[in-house]
Amino acid sequence: MHFISPRQGLLRVREFTLAEIEHFVDPEDKSHPKFSDVSGLEFLMFPREDQMAGRSATRLKIGDAVAEGTVNNETLGYFIGRVYLFLTQLGIDKDRLRFRQHLPNEMAHYAADCWDAEIECSYGWIECVGIADRSAYDLRAHSDKSGEKLEAHEKFAEPKEVEKLVITPSKKELGLAFKGNQRMVLESLEASFISSSLTCYIMLAVSIVIYFIFLQAMTETEALDMKAALESKGEVEFKVCTLGKDVTIKQNMVSINIEKKKEHQRKFTPSVIEPSFGIGRIIYCLFEHCFYQRPGKGEDEQLNVFGFPPLVAPIKCTVFPLVKLEKFEVVAKKISKALTAAGISHIIDMTGNTIGKRYARTDEIGVPLAITVDNTTSMTVRDRDSKDQIRVEVDEVASVVKEVTDGQSTWADILWRYPTHTASAAEEEETEP
């Protein structure tokens, strides 16, 4: 039983949300058709060799890391690259994000490779995403428990003649040697035996086990060595780890032969590449990375700002009539209706507070854009971070906001297309809300 000890604020809690991808891949071909899309990305990587040598993380191109064997394969590298893009587009600071490779004592026994996306925050470097090549362990474990084969089939264009190593146990001799444990031995052999091509596959060779004996896995070379020993000596000693001793396998208990067969398809158990996301941790780190302060009107006054990227900000924009006039309120409601029709979440604020205070309020909750209605035909749109303002016609406002919040254009792109607006003293008067 595992217990979770809550500590580190919101990072380690009793309940947490995970999001996972289970991507199945051919264990003999782990290339990825879209790897070239991310191969040029360069970011902080912390291979195990650097960790063990006491060096720091360095910037590496993911394409080079895969080519040099630092990252096990292209598919794993592809998902590392996509995780980098995902986190940085959310708003995670790229200079406070690194990918750390698991050390040998951290690796699961079945894993081919594993990397953690770690984000630096006030608690240090925190693991937020794990990207692992779990080999074929998951599907084989399911098959063992369910009794159902979970295999993929690759059909050949033309039948292939292959040499296969065939192991046939003798039920009679096994029964005489192991008596009441004969059935358990046979079941173990049937469940664990895999016939394999001499040129392509790793196989499980026979081992004599009783119910508490661990079934040994041998390469085909070892199986052929056993065959040669049985033919020359009539018996062979076989190490059983869980017993801590050798057992004697005699020639009449098993036959090992090479047969030629034609195959029309290849069967294999897929490997799994598994990116696993800790949603709560990512959100917490996002809050830290997006938060900053800037000077207010007073000498010692500091205004709080959440710099959420428009793509992830919960509220995309606010609508403010500059002053409480009916004609401005009518236009503000018209804009609000257009924003709703465009699917843009927003707030309309018709209070009598100064525009500076209303700007400060929206900055504090991370709203990227503010629309100020100061005219019946055109109005200003203000960017939260730069505080730059542009003049936009009423009928264009919703489309401009949607361009920015959907990621179609950056604020810099928009500035080139619309006349800038110089804020008045009243508009610049931002104070604590």
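**Exercise 1.** Find which charged side chains lie over aromatic rings, and give the distances from the ring centres.

*Solution.* Arg-98 lies over the face of Trp-125, at 4.3 Å from the ring centre. The charged end of Arg-382 is likewise placed over the ring of Tyr-359, 4.3 Å from its centre. The criterion is that NZ of Lys or CZ of Arg is within 6 Å of the ring centre and within 35 degrees of the ring normal. This is a predicted model, in which local features need pLDDT of at least 70 and side-chain atom pairs count only at pLDDT 80 or more, while totals for chains, interfaces and linings use all residues. Residues are numbered from 1 along each chain as its sequence is written, and side-chain values use heavy atoms, with hydrogens and water left out.

**Exercise 2.** Classify the ring pairs Phe-43 with Tyr-84 and Phe-287 with Phe-308, and locate their members.

*Solution.* Rings of Phe, Tyr and Trp (its six-membered ring) pair if their centres lie within 6.5 Å; planes under 30 degrees apart count as stacked, over 60 as edge-to-face and the rest as tilted. The structure holds 11 aromatic pairs. For Phe-43 and Tyr-84 the centres are 4.6 Å apart and the planes are at 25 degrees, so the pair is stacked. This pair links distant parts of the chain, with Phe-43 in strand 3 (residues 42-46) and Tyr-84 in helix 3 (residues 74-90), 41 residues apart; helices (H or I, at least four residues) and strands (E, at least two) are DSSP runs, numbered from the N terminus. Both Phe-43 and Tyr-84 are buried, where buried means under 20% relative accessible area, exposed over 50% and partly exposed in between (1.4 Å probe, protein chains only).

For Phe-287 and Phe-308 the centres are 5.8 Å apart and the planes are at 55 degrees, so the pair is tilted. Phe-287 belongs to helix 8 (residues 279-290), whereas Phe-308 is in the loop between strand 14 (302-306) and strand 15 (317-321). Phe-287 counts as partly exposed because its relative accessibility is 39%, while Phe-308, at 7%, counts as buried.

**Exercise 3.** Determine how many residues the largest nonpolar core has, and which element gives the most to it.

*Solution.* A nonpolar core is a set of buried Ala, Val, Leu, Ile, Met, Phe, Trp, Tyr and Cys residues joined through side-chain atoms within 4.5 Å. The largest has 39 residues, and those with the most contacts inside it include Ile-62, Ile-80 and Phe-99. Helix 3 gives the most to this core, with eight residues. Leaving aside neighbours within four places in sequence, Ile-80 is in contact (heavy atoms within 4.5 Å) with Phe-43, Ile-62, Val-71, Phe-99, Trp-115 and Ile-131. Apart from this core lies another, of 24 residues, among them Ile-335 and Val-397.
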